[in-house]
Amino acid sequence: MNTTEIVESTIEFVKETLGDAEAGHDWFHTQRVFNNALLLARDEEVDVLVVSLGALLHDIADAKFHGGDENIGPRMAREFLTSIGVDKKTVSEVCFIIEEISFKNSIGRKRKGELPLELQVVQDADRLDAIGAIGIARAFHYGGHKNRKLYDPDISPNLKMDKETYKKSDGPTINHFYEKLLLLKDRMNTPAGKKIAEERHEFLLHYLEQFYSEWNGER
Ligand code: ADP
Ligand code: NI
């Protein structure tokens, strides 16, 4: 298979596998991440095939929805890519991206300069889909899936409660903005990713301001 055929066949595989995934992690999320990744890759000296396959396969099997099994995604990707004859080096690089990409794994990890550029690009592309208008939609969608409140003025978003108490409180979705969404702009790897993240960050701030003002019946 040539590169185009490999990418096309991976798209088909991912579409089929993510068929019934919830909206925050469905094929359209993957498609947006793939498009963002190609955009960011233009400014970087990267192996575009590794970036493409990493983006397409990054959420192939989220551990959250598979009993916490962190290995299932990389394993499925490896099996698939090997079955269509992708070379070993590319397979390893793509699987490394899938293993490392989650926000959780990036906390306290090596400095970003030590990570492969292909991983940095895909990670940025995934993070961009968690902020801005789409990011807001995904957060409330996820909260709805978990039957969470939109907001609760008694559980202050900035409150630094311990993890267990927070879990029991079943944190309102607005809290997720402070836990994750507003932190992402400072965690971007690439200059192009950072620039887009800053614009989307401003949008989040504007959104929150409007949210509180409507909540309080101000306007
Ligand atoms: P991804 O794997 O695509 O990087 P996650 O699996 O961490 O992202 O989350 C998927 C989407 O659900 C993201 O948009 C994220 O912001 C949102 N999300 C994750 N956890 C929460 C939460 N506790 N409350 C609201 N939204 C959440
Ligand atoms: Ni993702």
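In this predicted model, Ser-213 is exposed, because 11 other C-beta atoms lie within 10 Å of its own and a residue with 12 or fewer counts as exposed. Ser-213 belongs to helix α11, which spans residues 191-215. Apart from neighbours within four places in sequence, Ser-213 is in contact with Glu-218 and Arg-219. Arg-187 lies 26 residues from Ser-213 along the chain, and the C-alpha atoms of the two are separated by 29 Å.

Helix α11 also takes part in a helix pair. Two packed helices are described by the angle between their axes and the distance between the axes. The axes of α11 and helix α7 (residues 117-128) come within 10 Å and cross at roughly 10 degrees. The two helices are therefore roughly parallel, as angles under 35 degrees are classed in this way. The crossing of α7 past α11 is left-handed. On the α7 side the contact is made by Asp-124, Arg-127 and Leu-128, and on the α11 side by Gly-193, Ile-196, Ala-197 and Arg-200. Of the residues in this contact between α7 and α11, three are nonpolar, one is polar and three are charged.

Met-76 is located in helix α4, which covers residues 72-83. Met-76 is partly exposed, because 18 other C-beta atoms lie within 10 Å, a count between the limits of 12 or fewer for exposed and 20 or more for buried. When residues up to four places away in sequence are not counted, Met-76 touches Ile-60 and Ala-61. Between the C-alpha atoms of Met-76 and Trp-215 the separation is 45 Å, and the two residues are 139 residues apart along the chain.

Note on methods. Residues numbered from 1 in each chain as written. Chains lettered and ligands numbered in written order. Predicted model: local features only at pLDDT ≥ 70, side-chain atom pairs only at ≥ 80, totals over all residues. Helix = DSSP H or I, 4+ residues; strand = E, 2+ residues; numbered from the N terminus. Contact = placed C-beta atoms within 7 Å. Axes fitted to C-alpha atoms, helices over the stretch in contact; angles between N-to-C directions. Parallel < 35°, antiparallel > 145°, perpendicular 65-115°, else oblique. Left-handed = near helix turned anticlockwise from the far one by under 90°. Nonpolar A, V, L, I, M, F, W, Y, C, P; charged D, E, K, R; others polar.
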